[in-house]
Amino acid sequence: VQRVNLSAVSEFVFVGLSDAPEIRLLLFVLFLLIYLATMAGNITLLIAISTDSHLHSPMYFFLGNLSLLDLLCPTITMPKMLGALLLEHKEISFFGCLFQHFSLIAVVGTEIFLLAVMAYDRYVAVCHPLRYPSIVSMKLCAQLALGTWTTGLLNSLLHTSMVFTLSFCGPNRIQQYYCDLPPVLALSCSPTHSTELVILVVAGVLGSGACMVTVVSYICILLEIRARKSPGMWHKAFSTCGSHLVVVCLFYGTTICTYVRPSSTYSPHWDRVVSMLYGMLTPLLNPIIYSLRNKEVKCALKRMISQVRRAL
């Protein structure tokens, strides 16, 4: 049997960050603060959702899953990046890169499907409010959540197996601060056209399907609001769906710019900027967006803070 992986590369080197010592220290402090703020925001939101009985509903169950993904996404990439900035240890083993790639694609894929599920949840809440408790039961929520995580993992397994069974026999310097799909593909000395085609088709079918569910859900919500012609309906719907819509636009915009294109159009500098948006800023902004725009979350956070104060 012919061995598929002819890799002669045992490690990769990240060259996506500045080598200037003074800028490196500044970037380390900046990214560390972003990472800590992301952790604090999402952990606080998770604690509020799990401990406050007012937030034990399908909408907040899915939001808790989103916060968990937003904890995992920067944790996969940022500790290694912070180590490279502070200690100049920029190497990562072949299998370390494989694991980082698999984990990141799994989280990004799961988030795409989860946002579609959250859009469907909002559609039922706005368009069928009386039937909402019977349609979106907690059993269905658990099944949908399990489905999104499973699909994300299987999608990532396919992507990772196709990329890391290619030959890597020459350059090993990744033009990025983590093992992302486009820069790793660019290093392969095997023909990558068929691999790229399969990845684009699978990602395109799954991604466009999730995107279609999201778009159709919001079109139905818009048509329902117009049909009812209720004065307070616009405000109620926007307060219900506004936060999720902002998160969807932010996530899809940055993800599409990074992945939905051939590697021939890969631009290291542009990709680093875009990947920092969805890898760092999106997980940071999601809990802020939901907290600022949602009265129930704000009330839950106030109750949690008062409980902590009483305990202290």
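What relative accessibility does Arg303 have, and as what does Arg303 count?

Mentor: The model is predicted, so local features need pLDDT of at least 70 and side-chain atom pairs count only at pLDDT 80 or more, whereas totals for chains, interfaces and linings use all residues. Residues are numbered from 1 along each chain as its sequence is written, and side-chain values use heavy atoms, with hydrogens and water left out.

Arg303 has 30% relative accessibility and counts as partly exposed; that class lies between buried (under 20% relative accessible area) and exposed (over 50%), with a 1.4 Å probe and protein chains only. The side chain of Arg303 forms a salt bridge with that of Asp52, at 2.9 Å from N to O; the term means a side-chain nitrogen of Lys or Arg within 4 Å of a carboxyl oxygen of Asp or Glu. Arg303 sits in helix α10 (residues 295-311) and Asp52 in the loop between α1 (21-51) and α2 (58-87), so the pair ties together parts 251 residues apart in sequence. Helices here are DSSP runs of H or I with at least four residues, strands are runs of E with at least two, and both are numbered from the N terminus. Asp52 is buried, at 9% relative accessible area.

By this rule there are 2 salt bridges. Asp121 and Arg122 also pair through their side chains, at 2.8 Å from N to O. Asp121 is buried at 2% relative accessibility, and Arg122 is buried at 7%.

As for the setting, the protein chain has 10 helices and 3 strands, and 47% of its 312 residues are buried.
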